[in-house]
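Please work through the following exercises with the sequence and the structure at hand. Each task is followed by a solution in steps.

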Amino acid sequence: QVRLAESGGGLVQAGESLRLSCAATGSIYSINAMGWYRQAPGKQRELVATITSGGITNYADSVKGRFTISRDNARNTVYLQMNSLKPEDTAVYYCNAEGVWTVGGLTRPWGKGTLVTASS
């Protein structure tokens, strides 16, 4: 069974920074893409950023230039550096992994989420 564990959320003032981490554990052979999604109160879950095993990144327009996603393939860990946080970035941030090959086959696990709050 593959598990994703997020860390690094918290409460900051607008304009400040946070760094999220997510580590995938279990009997993993390989992971194609890892990414971050977020869900604000009363809204649908939305993509924040993704990164492939080869380092190709994709960002939501709302975070381009402020957030940076990176990955340590050897540790099956993905990071999200969030700078210049805005109140509208407040949400629960979820880690996701796509194309995860394990002893049990292919899976796409989600983390339980970590709360990020940027106060004005």
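**Exercise 1: A residue in a strand**

Thr50 counts as buried, since its relative accessibility is 15%. The model examined here is predicted.

Task: Determine where Thr50 lies and which residues Thr50 touches, not counting residues up to four places away in sequence.

Solution. 
1. Burial is judged by a cut-off: buried means under 20% relative accessible area. The 15% of Thr50 therefore places this residue in the buried class.
2. Thr50 belongs to strand 5, which covers residues 46-52.
3. With residues up to four places away in sequence not counted, Thr50 touches Met34, Gly35, Tyr37, Ile56, Thr57, Asn58 and Ile69.

**Exercise 2: The disulfide**

Task: Find how many disulfides the whole structure holds, and state which parts the pair ties together.

Solution. 
1. The partners are Cys22 and Cys95, whose sulfur atoms are 2.0 Å apart.
2. Cys22 lies in strand 3 (residues 18-25) and Cys95 in strand 9 (residues 91-102), so the link ties together parts 73 residues apart in sequence.
3. The angle about the S-S bond is -85 degrees, and the link is left-handed.
4. Cys22 has a relative accessible area of 0% and is therefore buried; Cys95, also at 0%, is buried as well.

**Exercise 3: The largest pocket**

Task: Describe the space in the largest pocket and the residues of its lining.

Solution. 
1. The largest pocket holds about 170 Å³ of space.
2. Its lining consists of 13 residues, and Arg38, Ala40, Lys43, Glu46 and Glu88 lie nearest the centre.
3. By class, the lining has 2 nonpolar, 4 polar and 7 charged residues.

Terms used:
Residues numbered from 1 in each chain as written. Predicted model: local features only at pLDDT ≥ 70, side-chain atom pairs only at ≥ 80, totals over all residues. Heavy atoms only, no water. Helix = DSSP H or I, 4+ residues; strand = E, 2+ residues; numbered from the N terminus. Buried < 20%, exposed > 50% of the residue type's maximum accessible area, 1.4 Å probe, protein only. Contact = heavy atoms within 4.5 Å. Disulfide = S-S within 2.5 Å. 1 Å grid on protein atoms, 1.4 Å probe; cavity = no way out; pocket = protein on both sides within 12 Å on 5 of 7 lines; lining within 4 Å. Points joined across faces, edges and corners; volume = space filled by probe spheres on them. Nonpolar A, V, L, I, M, F, W, Y, C, P; charged D, E, K, R; others polar.
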